[in-house]
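Take a look at the chain below.

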Amino acid sequence: MEPNVFVFLGFVALCAILLVVEGDGGSPGTRVDVRLRCMEQFCHQEVLWRRNGEEVAMRGNEISITVVEREGGNYSCYSDQGAWLNYTLVLVHWRYRKILQDSPHTGYMHCSAQNYTGVFQCSWTWHHTRKGTLLKFNVKRLLDILEEILESYKCCFNCRSLTGGNISCSVDASGHAIFCKDHGHCPYAEEAEHINLTLYVRSQFLLESYTRRFYIGDIVKPDPVSIQRVDNRTLGWTYPHTWNTPSSYFPLTFQVKEVACTTQRQCTCESTNPPEHKVQSTKNTCDQDVKYKMDFETLKCVALCVRARDAFCDSLWSDWSHKTGRKKKLNGRRQQKKTTRC
């Protein structure tokens, strides 16, 4: 039976070759035979090999190794004089998810966009028990993938990324995120195809792949709104300056929450059961400026919390913005005592 091995296209740098072995989850006794070649021009020369820095018994320009379970390795070849010639990195690709941290809310990858301009970002967190490295990523619209299949995979690869069609991406310096721009995205038209994102990450000699499909409309998350005091009984806020215009075509809906606070409880918008609060969603509004009246007379200390999302899509809410108000001012020392409590 032919070994289940493939060359990881796109990882070709300094004549290095990356071979990926499809492992069966590291099951006991799993063995796959792989043939490694140093370089074509050394076919009739004495070539020495080392695995992870330790010399192996096999000699020659082409050798056969056996990958047992999940034991990949870095195989380097040297001349008989000890000069380094080349290396082949052998990784084992398994079906488990151990390198990235899973989240009950976002999964393995969190993707978001400030608006509908086609700019988006996706981030991830390395599992604390693994030292992970981003090896490669692939970002494409489904239509771009189908076109490549019809063209017999005539596309351009490199060792860090594969971005097709009109999507360009860059990797954050920390290796925890990618930032992308879909240059062909039209904010005024419905998206016809999903964006397909695949990450290839490695830890030691294990390779894992993570995939997510989404529309930009699914991951839009407006920036927080800015709340300002209008008068003694009214607060107001405006659309985020990063949101698309005109607002008549891109209206937002707002969720408003009054959180009453005491000296024992800190005012926080994340409270699920504060002493006194109310939640409401405004009507879909095209007005850039929204005003809201608060009953400061009946509350000792109150925080107005506001967040926004696209009025037409069940997408992500923005982070909460908040503004703290106080009860009507009192006189003298009692006023000072009251107002310093929140």
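## A pair of strands

Val171 stands opposite Ile178 in β14. This is a predicted model. Strand β14 covers residues 177–182. It pairs with β13 in the antiparallel sense, over 5 bridges.

## The sheet around them

β13 and β14 belong to an open sheet of 4 strands. The order is β9-β10-β14-β13, and the pairing is antiparallel. Which strands sit at the edges? They are β9 (110–112) and β13 (167–171), and each pairs on one side only. From one strand to the next, the twist averages 20°.

## Two nonpolar cores

The largest nonpolar core has 40 residues. Phe120, Val139, Leu197, Leu199, Trp237 and Phe254 have the most contacts inside it. Strand β15 (residues 195–203) gives the most to this core: 4 residues.

Now look at Phe120. Leaving aside neighbours within four places in sequence, Phe120 is in contact with several residues, including Val139 and Ile178. Ser112, Phe179 and Ile195 are also among its contacts.

The chain has a mean pLDDT of 76. Of its residues, 70% reach 70 or more.

Where does pLDDT stay under 50? One stretch is residues 145–164, for which the model has 35 contacts beyond four places in sequence. Another is residues 327–342, with 13 such contacts. Where pLDDT is low, the predicted coordinates should not be read in detail.

Notes. Residues numbered from 1 in each chain as written. Predicted model: local features only at pLDDT ≥ 70, side-chain atom pairs only at ≥ 80, totals over all residues. Heavy atoms only, no water. Pairing = 2+ DSSP bridges. Helix = DSSP H or I, 4+ residues; strand = E, 2+ residues; numbered from the N terminus. Axes fitted to C-alpha atoms, helices over the stretch in contact; angles between N-to-C directions. Core = buried A, V, L, I, M, F, W, Y, C linked by side-chain atoms within 4.5 Å. Buried < 20%, exposed > 50% of the residue type's maximum accessible area, 1.4 Å probe, protein only. Contact = heavy atoms within 4.5 Å. pLDDT = per-residue confidence, 0-100.
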